[in-house]
Amino acid sequence: MKRIGILTSGGDAPGMNACIRASVRAALAKDIEILGIREGFAGLMSGDIVPLDRAAIRNIIHLGGTMLGTSRPEEFKTIEGRAKAIGVLADKGIEGLILIGGDGTFQGASLLSNGGNIKIVGVPGTIDNDCYGTDYTIGFDTAVNTALEAIDRIRDTADAHQRLFFIEVMGRHSGFIALKSGIASGAEEIIIPEAPMSPEELCRHITGYFGKGKRSIIIVVAEQGHAGTTLELARQVKCSIGFDARVCILGHIQRGGPPTARDRVLASRLGIAAVQALLNGKDGHMVGEVNGEVAYTPLEDTWNKTKKLDPNLTEMLEILTD
Ligand code: F6P
């Protein structure tokens with residue numbers, strides 16, 4: 001293999017730059033040319049491609065976002081769109097492609113792999129951590145810590161005013177961010193799609209907490225698909241028990257900012273592993289980390305199989321959220 005391409009796609013995640021940097025360094029160390037595809041699949045279809053050398057990836061390990069840009073173009077979902085991408089890859093002589101993103105990215109990539117002579121390796125980069133085949137995705141740890149810092153701040157003001165707060169965190173259809181940030185912040189309740197709770201039950205718990213003399217109550221809520229779902233839950237609780245409640249939707253603040261040390265190290269490890277996987281002839285796989293070791297998962301498993309929450313953490317909830 002003489003030339004590989006790299007792109008980031010879907011929602012950006014802190015650590016994507018660290019991953020790009022590591023892949024570039026790993027490729028150059030083996031005298032392989034590496035090209036950066038800008039704006040994700042949009043740049044792949046339009047041929048927005050630049051060579052990456054050591055200077056291009058200097059001093060980016062600490063930066064959030066992605067130096068290559070990202071996108072979610074509808075056109076790539078069409079046969080015509082993918083034909084354009086395959087044409088660009090052939091024109092540029094790209095033999096292997098590294099994609100940093102989530103399961104949606106890998107689903108799109110696998111269609112490319114079927115239609116051309118290109119080897120594809122995915123790297124899990126999403127704050128949601130909802131990728132089967134890796135214990136952690138790049139960006140998750142940073143998002144949890146960003147949410148945690150915000151929740152800690154809200155706790156101060158909630159306690160001062162004896163208030164009930166609903167704090168919505170991201171995570172798409174999964175509760176990984178809510179679970180970890182909720183446990184770490186000492187939230188009274190954590191509402192996640194994997195363990196739904198009726199508004200009636202939640203109201204009973206809230207009444208009980210104030211009855212026990214708590215000054216503030218923090219309910220961490222997973223967004224469950226789209227931002228703002230918590231507003232309706234808070235409205236229902238307010239109507240039922242009449243407590244004054246505030247809602248804080250943390251939103252995209254969780255996606256930005258410098259990656260944590262943990263994310264930088266994970267991203268560096270997987271960025272190198274992705275290049276090595278291509279050189280070893282791997283195709284149609286995601287490189288992840290399972291039990292501390294690099295692991296390869298067929299791309300289709302990343303969207304067909306569901307990653308479960310860690311039962312060691314969910315078991316703790318009954319004791320901790322009380
Ligand atoms: O997948 C990452 C993520 O941040 C999700 O947590 C969230 O649901 C979604 O992307 C938001 O997407 P957008 O940036 O398009 O609003």
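Predicted model: local features only at pLDDT ≥ 70, side-chain atom pairs only at ≥ 80, totals over all residues.
Residues are numbered from 1 along each chain as its sequence is written, and side-chain values use heavy atoms, without hydrogens and water.

**Exercise 1.** Find which residues are around the ligand, and where the ligand lies.

Solution. 
- Step 1: List the shell. The residues are Arg72, Thr126, Ile127, Asp128, Met170, Gly171, Arg172, Glu223, His252 and Arg255.
- Step 2: Sort the shell. Two residues are nonpolar, three polar and five charged. Here Asp, Glu, Lys and Arg count as charged; Ala, Val, Leu, Ile, Met, Phe, Trp, Tyr, Cys and Pro as nonpolar; the others, Gly among them, as polar.
- Step 3: Domain 1 (3–139 + 259–304) and domain 2 (142–256) both give residues to the shell, so the ligand lies between them. The domain bounds come from an automatic or database domain assignment.

**Exercise 2.** Find which residues line the largest cavity.

Solution. 
- Step 1: Define it. A cavity is a set of points on a 1 Å grid over the protein atoms alone, where a 1.4 Å probe fits but cannot get out; lining residues have an atom within 4 Å of a point.
- Step 2: Read the lining. Tyr136, Phe140, Asp141, Val144, Lys180 and Arg262 line the largest cavity.

Terms used:
Near = heavy atom within 4 Å. 1 Å grid on protein atoms, 1.4 Å probe; cavity = no way out; pocket = protein on both sides within 12 Å on 5 of 7 lines; lining within 4 Å.
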